[in-house]
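Please keep the sequence and the structure in view while reading.

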Amino acid sequence: MALIKDSYLPVPWDFREVMDEVRKQEKDGVIYYFTTEPEMETAEGKISDIIETPEGEFLLTSKGHKVRLDKIVTLYGKPGPSFHIYDGYANVCLNTHKDNC
């Protein structure tokens, strides 16, 4: 399954509100996200900053992780912009009917 690798897609406003709320709470948490490969990765820590670069917007955590906003699957258990892509990614074995998945 192909993901958009290079083009940054702006994230919905309601997700920005979720990020702001999580940031205000100053809680540690886990972020699941896609890399550009695509592979699933995790990042941990508090949200320390959100930055804008020519490649897109990124969330920085207190533990040194840098996560592109449009690649976030879940943010501290809450669905992110790439949550809908995850469903297809997770079910790839079901869709291909391979026995060795």
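Two strands are said to pair if DSSP finds at least two bridges between them. Helices (H or I, at least four residues) and strands (E, at least two) are DSSP runs, numbered from the N terminus. With these terms, threonine 53 has glycine 56, in strand 4, as its bridge partner. The model is a predicted one, in which local features need pLDDT of at least 70 and side-chain atom pairs count only at pLDDT 80 or more, while totals for chains, interfaces and linings use all residues. Residues are numbered from 1 along each chain as its sequence is written, and side-chain values use heavy atoms, with hydrogens and water left out.

**Confidence**

- The pLDDT is the predictor's confidence in each residue, from 0 to 100; for the protein chain it averages 83, and 79% of the residues score at least 70.
- Residues 94-101 have a pLDDT below 50, and this stretch has 4 contacts in the model beyond near neighbours in sequence. Contact means heavy atoms within 4.5 Å.
- Where pLDDT is low, the predicted coordinates should not be read in detail.

- An open sheet is formed by 3 strands in the order 3-4-5, with antiparallel pairing.
- Strand 3 (47-53) and strand 5 (66-68) are at the edges and have a single partner strand each, so one side of each is left without a neighbour in the sheet.
- From one strand to the next, the twist averages 25°.
- Strand 3 pairs with strand 4 (residues 56-61) in the antiparallel sense over 6 bridges, and a hairpin of 2 residues joins strand 3 to strand 4.
- Isoleucine 47 has threonine 61, in strand 4, as its bridge partner.

**Helix 1**

- Helix 1 (residues 13-25) packs on the sheet and touches strand 3 and strand 4; its direction makes about 145° with that of strand 3. Axes are lines fitted to C-alpha atoms, for helices over the stretch in contact, and angles run from 0 to 180 degrees between N-to-C directions.
- The 13 residues of helix 1 should span 18 Å at 1.5 Å a residue, and the end C-alpha atoms are 19 Å apart, which agrees. The expected span is 1.5 Å times one less than the number of residues.
- Phe15, Arg16, Met19 and Val22 of helix 1 are buried (buried means under 20% relative accessible area, exposed over 50%, partly exposed in between, with a 1.4 Å probe and protein chains only).
- Down the axis of helix 1, the buried residues fall within an arc of 125°, so they line one face of the helix. The arc is that of the directions from the helix axis to the C-beta atoms.
- These buried residues pack against strand 3, strand 4, strand 6 (72-75) and strand 7 (78-79).
- Trp13, Asp14 and Lys24 are exposed residues on the face turned away from the buried side of helix 1.
- Glutamate 26 follows helix 1 and has a positive phi, near 55°.

**Strands 1 and 2**

- Strand 1 (residues 29-34) and strand 2 run antiparallel and are joined by 6 bridges; they form a hairpin with 5 residues between them.
- Glycine 29 has glycine 45, in strand 2, as its bridge partner.
- Alanine 43 lies in strand 2 (residues 40-45) and is buried, with a relative accessible area of 0%.
- Not counting residues up to four places away in sequence, alanine 43 touches Gly29, Val30, Ile31, Tyr33, His65 and Val67.
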